[in-house]
Amino acid sequence: MTPPNLFFVRDHFNQPEISVETWNVRIEGRIAKPYELSFSDLVELPSRKIEAVLECAGNAANGSAVSNGVWEGVPLPALLHRAQPLPDARFVMLEAADSGRLFEDCSSLPYSQMVPLERCMEPSSLIAFKLNDLLLPKRHGFPARALFPGWYGMDSVKWLRRIVVMSAQDQQSGFHQSGMDRLYNRAKRTGNDVQVTRVSSVRVKSSVAWPNDGLKLPKGRYSVWGFAWSGAAAIRDVSVSVDAGRTWNLAGLQKQAGPDSWVRWEYQWNATPGEYVVMSRAADHAGNQQPLQRDPARKDGYELNWCLPIHCSVR
Amino acid sequence: MNLIGACRFIAACASLLLAGALFGQDCAHPDLNPQERLSRFHDLDARAQTAMQQKRFTDAVELYREATCLAPESPRGLYGLGVAQAASGDFLNARESLRKADHIQPTSPLPLAMEVRIDFSLNDMDALKADLREEAARFPRDAQLHALLARFLAEKKLVTLALAESLRAQQAGGADPDSKAQLAILENAVGAYEDAIRNADALEHRTELSLALRASAAGVAGLSYESIGQRDEAIHHLQEAIRLDPSRENSYLALADLFEQAQRYADAVAVLKQGRANVPASTAFLLPLGSDLIRTEQYQDGIDLLRELLRRSPDADQAYLSIADASRKMGNSAQEVQALRDLASRKPDYPMIHVLLARAMLNGSTVDYPKVLEELAQAEKLAPADPDVFYLRGKVYIATNKYKEAVAALNRSIELRPLESGPYYQLARLYQKLGKPGLAKEQFARLKYLEAAPSN
């Protein structure tokens, strides 16, 4: 579990000042029964806990913009059911209390994201108010944020203040007007075309926590370790190579990986004098395997999940 | 609401709840007329209340059961029965009785409030939240009720729900200073620091309020300022809390803690001494003051205070460790070992206690090596992969000329913690002693490599 003070933080704008005494979240749009929830209303609703990893879509290979925690919140499907979405409802815009200008040609607007209604209706989708059994710290979205386990972090909107249910035809939302629709897109070149699709589910990935790149070690037996996670399914196995991917050995998984959490892996390495390139590679139960290299057709900076080489020298 | 409060509620219930029409027909005393039944109900009710006050809860249950048999639709009887059943530990039936009382008389918030307490006793958080929602929906303007629930939930450490109820109390118009202070305390506890500061600061400056309440508010403001990193403001408010009410030990402790975090140990000592002078009956100052005296190199004074603490609270583990620490700094190895032995005898499973003891014993002028090895064997039983066990064992074997064993122990320590330089150094020195310069050089080279590598 990542302690809240070590949990990664990514913001687009300044953190907003929010009073728990006046905060509320409004549910509106293509629904039959709009309503508001105060902090008291929210925390007194039935809640559930989920251990889930949260990763920034732009987290580098072996980057630190990823953390794992136990979240508690109110299932979003329950809130939406109560609002009774209309038959043409397709998306949910989650709007935050922080705001600013993303691009020169855009207005200063609140941070927002659009998530398909179908994803919001999955039981694991939460309006979270606790992290590791404590109320969310301010930097993590106090008093409440969205949480979509298995999806990259940008959709887990912090400092939530509005949930707007939309139809497929509703294009004039803050999400589009702010320019947010230009971010978090996968851009893949195929011939002369560039296909643009929205980033959502977290790609299978592992990172090496030890050793770090450039480490010099006396010979000995070492525990190479790190974490692995995937948005599609639980981690099935992690392999480790110390020879730049020529040979691979299975690492041990610390516990049975949960569907949404990361798992710690460990590999015992008898390091004899020489130069080494350490890599880890994860696979999940959905059949996804971490790629050895970045897809050269990708022209964006997201889903950076290839196996990063770590150089070590042993004497 | 406590049991006595519950009894008072019952006594205060209007007699209209005892209307003859509510009386059951299939009970004992079928021959009683309505007036006699009413009289009998009153008698049972009074006796049940007496039983409750005397903590004869099983008797109270029986009496209320008989009363509700006479008047099965009486919310007063059912509420009394529910409270008595809860007091006797029969929570499931208590909840059932209270639900019936609530169903019959939904205008009273008390059965639901009592259900919240029972839900907690049953560890049924879903039901507890459902009852809180029901209270919120049916009694949104009852500030007293929500403040009462907030206090109960806070007592039970359900801080988030306590805050929710405290906010409901405020929204219902419960703006009395005590409720406001409670809200500020809860906001500070959950991390809503700006809200806590605003509420506490306002109370702190209201001169018509009691000094104790203002001091409490100043303390909350101080803690919240500390949490948002404004140390100077925090110190100012905590000093004000002490000035307003010098009898509150928490203000001194919080201020000393702040000074400790800033490594201003002399200031911490001064504050804690002031606290001790103003609240002489408190033992809460002994551990931090003893530890801070040691940090300011007033070793003997620190040890004396910590011993005073241990006389009163022998389970204060940290005091043993601090005495050991001070003794080591004073060069009194025997006293260090004794302090650790005292801790080990009370807490044989205390983390690393045997390693600490072995290390302390090795620091003595005359070392009982077999005893050190005994400690290390015990340490290994508790933590078989603790590299310190093998490192210290290696040192013992070197000192007792068991070189082969020493090499094995030091190598095991390296294997368990390869980036620690101590075992390489010991191994290198040992190889030198054994006349194996090649092996010694190899260890020294590793040590140099390890220490020189910037990325390590």
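In chain A, the centres of domain 1 and domain 2, taken over C-alpha atoms, are separated by 31 Å. The model is predicted: local features need pLDDT of at least 70, side-chain atom pairs count only at pLDDT 80 or more, and totals for chains, interfaces and linings use all residues. Residues are numbered from 1 along each chain as its sequence is written, while chains are lettered from A and ligands numbered from 1 in the order in which they are written.

Domain 1 of chain A covers 4-183, and domain 2 of chain A covers 205-314. These bounds come from an automatic or database domain assignment. Domain 1 of chain A brings 15 residues to the contact, and domain 2 of chain A brings 15 residues. Two residues are in contact if their C-beta atoms, placed from the backbone, lie within 7 Å. On the domain 1 side, strand β3 (residues 48-55) of chain A gives the most, with four residues. Helices (H or I, at least four residues) and strands (E, at least two) are DSSP runs, numbered from the N terminus. By class, this side of domain 1 of chain A has eight nonpolar, six polar and one charged residues. Ala, Val, Leu, Ile, Met, Phe, Trp, Tyr, Cys and Pro count as nonpolar; Asp, Glu, Lys and Arg count as charged; the others, Gly among them, count as polar.

Helix α2 (residues 76-83) of chain A holds the buried residues Leu76(A), Leu79(A) and Leu80(A). They lie on the same side of α2(A) because they cover an arc of only 95° around the axis. That arc is taken from the directions from the helix axis to the C-beta atoms. A residue is buried if 20 or more other C-beta atoms lie within 10 Å of its own, exposed if 12 or fewer, and partly exposed in between, with C-beta atoms placed from the backbone. The cover over the buried residues of α2(A) includes β1 (24-29), β4 (66-75), α3 (117-120) and β7 (126-131) of chain A. Just after α2(A), Gln84(A) has a positive phi of about 55°.

The two chains also touch. Chain A supplies 24 residues to this contact, and chain B supplies 26 residues. On the chain A side, α1 (39-43), β14 (215-217) and β15 (220-229) are the elements that give two or more residues. This side has twelve nonpolar, five polar and seven charged residues.

Arg168(B) sits in helix α9 (residues 159-171) of chain B. Arg168(B) counts as buried because it has 28 C-beta neighbours inside 10 Å. Beyond its neighbours within four places in sequence, Arg168(B) is in contact with Ser40(A), Ala136(B) and His146(B). His146(B) is 22 residues from Arg168(B) in sequence, yet 6.2 Å away in space, C-alpha to C-alpha.

Chain B has 25 helices and zero strands. Its C-alpha trace spans about 110 × 55 × 45 Å along its principal axes. Buried residues make up 46% of its 456 residues.

Chain B is divided into domain 1 (1-108), domain 2 (176-274), domain 3 (282-339) and domain 4 (351-456). The C-alpha centres of domain 2 and domain 3 of chain B are 28 Å apart. Their contact takes eleven residues from domain 2 of chain B and nine residues from domain 3 of chain B. On the domain 2 side, α14 (249-261) and α15 (265-278) of chain B are the elements that give two or more residues. The most come from α15(B), with six residues. By class, this side of domain 2 of chain B has eight nonpolar, no polar and three charged residues.
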